[in-house]
Amino acid sequence: MKRLIIQASFLLLSVSTLVGCKKDLEDKFNNPEKVLDPNLPGLFTGMLNNDRVAAKYWNVRTFLSQMPGVYAQTSYISNGNTIYQQSDGYSQQYWDDFYSTGGNGSGVMAQYRVMELKYNSLSAAEQANQKAIMQAAKVVLIEQAAKMVDLWGDIPYSAAGSLNSTSTINNPKYDEQKALYTSFIADLAAAGTYFNSNTTTAAFSKSDILLKGSMNMWARYANSLRLRLLMRISKTDEATARTAVLQMLGNQATTPLIDGGNVGTYNPGSSDVLLQPLTNSTSDLHDAFFEGSWYATDYALNTVMLPANDPRIPVIYDKFGRTVGGKFVQNAGYKAMPVTFTTTQQENSFADYSVLDSATFLYNQKLPGILITASEVNFLKAEAYERWGSTTDAKTAYDNALRQSVTFYHYLNNLNQGGGFKNVAAPASTVVDAWVNTSTATYAGASADKLALIYNQKWIHYGVLQSTEAWSEYRRTGFPVLTFPTAGKLSGFDTPPTRLIYPGKEKTLNSANYQAVQAKDTRKTKIFWMP
């Protein structure tokens, strides 16, 4: 049985500690590392070493599990009256961490603008030698910028970072969100072509802590991000998405993808795009989750996974239990607290329900940051095939995605070696086969039913660590069909938003440009890709 390190004090944990003292948390958990090397390789390494990507306390605690995780129900936190109200302070920090260095993120926009300036000062020969780094940096920037668009809509982009790029301070205009996505998709196509037809360099390989300078992996990463963004716009610009996606899927020799070789028992460590912890890292996420977001989620476990006898359950959740007579008594089975429970009900009975697995999530010092996985890519392929191609091909991609998700979560669990944890062995092939072929997860029914299966299972696969993607896909597809308690909620915040409100400091410091987007700045304004 897995070791669950939950002391008696945690059994009395009050969910009222969700917010805590920001200053104490920053002092305790901020990453003090700074990029000291001012050259392109050093800047690129710093750009990759991003606490908004890595599995770090601050991002999980203050952002993923508090906002997108709640709005997509990949997190289960205290069901108070402000549960759907955005935290302006925490969203401000996320915003700042994209645009500037010095916070919990690496300031990818600021880093990239400095890299542009340095690159443009190089000779033609030096530029040719450093081009791979710049192409990869553009991919990294786009991945994070697309998330910013998904969260807020229009954002400063083309004119952002003027101090770093031109040594002048100009308040940046907001770029229109659909135009940004169009440019992102075009830039990713160009990057994929570049990486697929060029060779790596020593400087690139040394500075690339993400993919070790592999041109093949960067081509796959750029193409897979492009596939993600094309499918994201496919409900509102189906013609563009359909043409581009079918071209990609029809010629994967020139547009290879992060698809794990389309086999279930693939190697996530070498096939997926994962930001591994630094070798000297000793941090884990138990504080982030113990402060109120470590409960199993209702719809995921009770409605989707348990009826299907999902083989991922033992590595995603722990049965939990109570201490009786000084002895910990494990619950008989897995079940999640109903999402309708009040805060009082949660506090009184949470020990009777499942929580996140301790080896996989809570105490896993080797847990990587997740950028994109083979399972996600195959779910995207399955949707494209089901909507625009062959349902047989869709089933193949969907089945691969299910199997790869099992492999992926067991991989995460088995990264946590030692410390008294007993890793969960991979399920027998017969167990996985039964789940894929003869359960409620089996690809069957009308086309609408099959699409619902794809959307639901992709949402499960994202989980709490990819809450931002889960929330985006939930808003795009309408799946899963979730219930959000509204009773007793603060007026004006009785349901989740469809986007985040711009942070207060941005409205004040960039007020002239903010006026152009102020009419859109409501919590119920749709992002452009929402149907």
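Predicted model: local features only at pLDDT ≥ 70, side-chain atom pairs only at ≥ 80, totals over all residues.

**Exercise 1.** Work out how helix H8 and helix H12 are arranged relative to each other.

*Solution.* Start with the numbers: H8 (residues 124-152) and H12 (residues 215-232) pack at an angle of about 25°, and their axes are 11 Å apart. Angles under 35 degrees count as roughly parallel, so H8 is roughly parallel to H12. Next, the handedness: H8 and H12 cross in a left-handed way. Now see who meets whom. Sorted by class, the contact of H8 with H12 has 12 nonpolar, five charged and no polar residues.

**Exercise 2.** Find out how many of the nine residues of helix H3 are buried, and what covers them.

*Solution.* Go along H3 (residues 40-48) and you'll count eight of the nine as buried, so this helix is largely enclosed by the rest of the structure. The buried ones are Leu40, Pro41, Gly42, Leu43, Phe44, Gly46, Met47 and Leu48. Their cover includes helices H7, H8, H11 and H12, plus strand S3.

**Exercise 3.** Decide whether arginine 499 is buried or exposed, then trace its polar partners.

*Solution.* First locate arginine 499: look in the loop between helix H24 and helix H25. Its relative accessibility is 2%, so arginine 499 counts as buried. Then follow its side chain. A polar atom there lies 2.9 Å from the backbone oxygen of tryptophan 152. The side chain of arginine 499 also makes a polar contact of 3.0 Å with the side chain of aspartate 521.

How values were computed. Residues numbered from 1 in each chain as written. Heavy atoms only, no water. Axes fitted to C-alpha atoms, helices over the stretch in contact; angles between N-to-C directions. Helix = DSSP H or I, 4+ residues; strand = E, 2+ residues; numbered from the N terminus. Parallel < 35°, antiparallel > 145°, perpendicular 65-115°, else oblique. Left-handed = near helix turned anticlockwise from the far one by under 90°. Nonpolar A, V, L, I, M, F, W, Y, C, P; charged D, E, K, R; others polar. Buried < 20%, exposed > 50% of the residue type's maximum accessible area, 1.4 Å probe, protein only. Contact = heavy atoms within 4.5 Å. Polar contact = N/O pair within 3.5 Å; in protein donor to acceptor, adjacent residues only side chain to side chain.
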